[in-house]
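This report describes part of a protein model for a reader who is new to structural analysis. Please keep the sequence and the structure in view while reading.

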Amino acid sequence: MNLLKATSLSHTFDYPLFHNIALELDAQESMAIIGVSGSGKSTLMHILSSMLIPNEGSVELFGRNIYDLSEKELVQLRRYDLGLIYQSHYLFKGFSGYENLEVAALMANQTIDNTLLVSLGIDTVCHQKVTELSGGQQQRVSIARVLSKKPRLIFADEPTGNLDHTTAQEVMNIFFDYLKKQDAGMILVTHDEALALQCDYVYQMHDGVLTKVK
Ligand SMILES: Nc1ncnc2c1ncn2[C@@H]1O[C@H](COP(=O)(O)OP(=O)(O)O)[C@@H](O)[C@H]1O
Ligand SMILES: [Mg+2]
């Protein structure tokens, strides 16, 4: 099943950032986007995940052009179907890790999967306040929070940037298992080429052009 189809995407801020980008992703597939800092990777992710409207081009998610959706349909799509993971994690700081997970699960009518917490190594620490957790633990809570929603499409922008190599690999394995189990897809931005190459497809952003390298 086709999860994402982007056609002829172009975007300009102060100067043209990229043009004529086309991408497609099916269920159970993963795609990595690499490229130097400032090349437009995050901007492309914002466009693909419906958070930013491009100057040109269209984005279809789950077979529907997102610019044809009502505001309400778009909110539903983001709430139930999309999982957005950023390097800075936007957890609620006054809450415990677990309370953050509860809020996300409640909003998406899902329950928290304890085996996920165990596999992320946060099942015991997540009852502490977010501010008491290390950066890596906070990042893993934010990953658990997104996966607890059971999204059909994950957008992960440098999700393992704060993690040591072993933990980063464990998180990647959790993502790949998740895609199989939930029939979901993932688009990943990473600086780590070894991790990128584990995805089904790899694209490189360079001088405004996105080129397929795997
Ligand atoms: N909201 C914005 N307004 C103006 N310029 C922006 C905005 N977001 C990003 N940019 C510019 O676009 C360029 C690409 O940014 P970004 O997409 O974050 O790149 P990357 O994620 O590859 O590091 C940068 O030069 C950045 O300053
Ligand atoms: Mg970025």
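## The end of helix α6

Helix α6 is followed by D183, whose phi is positive, near 55°. Helices (H or I, at least four residues) and strands (E, at least two) are DSSP runs, numbered from the N terminus. The model is predicted, so that local features need pLDDT of at least 70 and side-chain atom pairs count only at pLDDT 80 or more, while totals for chains, interfaces and linings use all residues. Residues are numbered from 1 along each chain as its sequence is written, and chains are lettered from A and ligands numbered from 1 in the order in which they are written.

Helix α6 (residues 165-182) has 18 residues and reaches 26 Å from its first C-alpha to its last. This is close to the expected 26 Å, a span defined as 1.5 Å times one less than the number of residues.

Which residues of α6 are buried? They are A168, V171, M172, F175, Y178 and L179. These residues cover an arc of only 120° around the axis, which puts them on the same side of α6; the arc is that of the directions from the helix axis to the C-beta atoms. A residue is buried if 20 or more other C-beta atoms lie within 10 Å of its own, exposed if 12 or fewer, and partly exposed in between, with C-beta atoms placed from the backbone. The face turned away from the buried side carries the exposed residues T166, N173, D177, K180 and K181.

## Strand β7

In strand β7 (residues 153-157), 5 of the 5 residues are buried, so the strand is largely enclosed by the rest of the structure. Both of its faces are covered, with L153, F155 and D157 on one side and I154 and A156 on the other. In a regular strand the side chains alternate between the two faces of the sheet.

Two strands pair if DSSP finds at least two bridges between them. Strand β6 (residues 82-85) runs parallel to β7 and is joined to it by 4 bridges, and G83 stands opposite I154. On pairing with strand β8 (residues 185-189), β7 forms 5 bridges, also in the parallel sense, and the bridge partner of D157 is V189.

## The sheet

An open sheet of 6 strands has the order β6-β7-β8-β3-β9-β10, with mixed pairing. Strands β6 and β10 (209-212) stand at the edges, each with a single partner strand, so one side of each is left without a neighbour in the sheet.
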